[in-house]
Amino acid sequence: MTPAPATVPADIPAHLPHRYPFLLVDRILEREPGVRVVAEKLVTIGEPHLQGHFEERPLVPGVLLLEMLAQTGGFLEAEPLHGAAIFLAGVQDARFRAPAFPGDRLRLEVTPEGAFAGLMKLKGTVSCEGRELCTARLLVKRL
Amino acid sequence: MSDLKLRVKEMIIERLKLEGMTPDQIEDQAPLFGEGLGLDSIDALELVLGIEQVFGVKIEDEAAGMKAFKSVQALTDFIAEHAKA
């Protein structure tokens, strides 16, 4: 599916409050506000957490895969978040099937399952070259 | 206990994973939030999703939710009213 170019923001930092070294979304590939977002993250060896996780065999911590999905969820909003804080209120059904390594191009796909009173439930999948690495449901709240 | 009320209680127990609890342990008039079952905002979202999935009834906004989540009785009445529409 090729989305209309206007719906895919090129300027990631204008949309999310996160910054280096914790901005974990590189590019938005597809976006339909309120319905679906597909983003991309290229894992590079220079990322600080990989220096110690682990020294001999760098791989992305599972919790950061969840964080990538939560950040991708920020793009479901119709309007840019600018500085608005979002916090993670819950994680359900998280499965980590395979690790992500430096050089991996991660596909982050998020769809909403519902919202009520400022809380949103998201379903997310991290995959690499068609292989599912992580699936989870996240609860996020906008402050 | 009416059939619908029993299904509402079963949905609450299943959706919120209130392990070990049975429908007859949930009082009809006890508040769902704060005192009573002591549910929080995450539980509220789970219930909104459960009600839609099980009964096909949407709770559109916070005001409707506040009214419906007052008690099991209020929630059963809300579902009965909106499922017919």
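**Close-up views of a predicted model**

**View 1. Helix H3 of chain A, residues 62-73.** This helix has 12 residues and reaches 17 Å from its first C-alpha to its last, close to the 16 Å expected at 1.5 Å a residue. That expected span is 1.5 Å times one less than the number of residues, and helices are DSSP runs (H or I, at least four residues) numbered from the N terminus, as are strands (E, at least two). This is a predicted model, in which local features need pLDDT of at least 70 and side-chain atom pairs count only at pLDDT 80 or more. Residues are numbered from 1 along each chain, and chains are lettered from A in the order in which they are written.

**View 2. What surrounds H3(A).** Because 10 of its 12 residues are buried, H3(A) is largely enclosed by the rest of the structure; buried means under 20% relative accessible area, with a 1.4 Å probe and protein chains only. Leu64(A) and Gly73(A) are among these buried residues. They pack against elements of chain A including strand E2 (36-42) and helix H2 (48-52).

**View 3. Where chain B meets chain A.** Here 13 residues of chain B are in contact (heavy atoms within 4.5 Å) with 11 residues of chain A. In chain B, Ile42(B), Leu45(B) and Leu49(B) lose the most area to chain A, together 52% of what that side buries.

**View 4. A salt bridge between Lys121(A) and Glu46(B).** Their side chains meet at 2.8 Å, N to O; a salt bridge needs a side-chain nitrogen of Lys or Arg within 4 Å of a carboxyl oxygen of Asp or Glu. Between chain B and chain A, the count is 1 salt bridge.

Note on methods:
Heavy atoms only, no water. Buried < 20%, exposed > 50% of the residue type's maximum accessible area, 1.4 Å probe, protein only. Buried area = accessible area lost by both parts, 1.4 Å probe.
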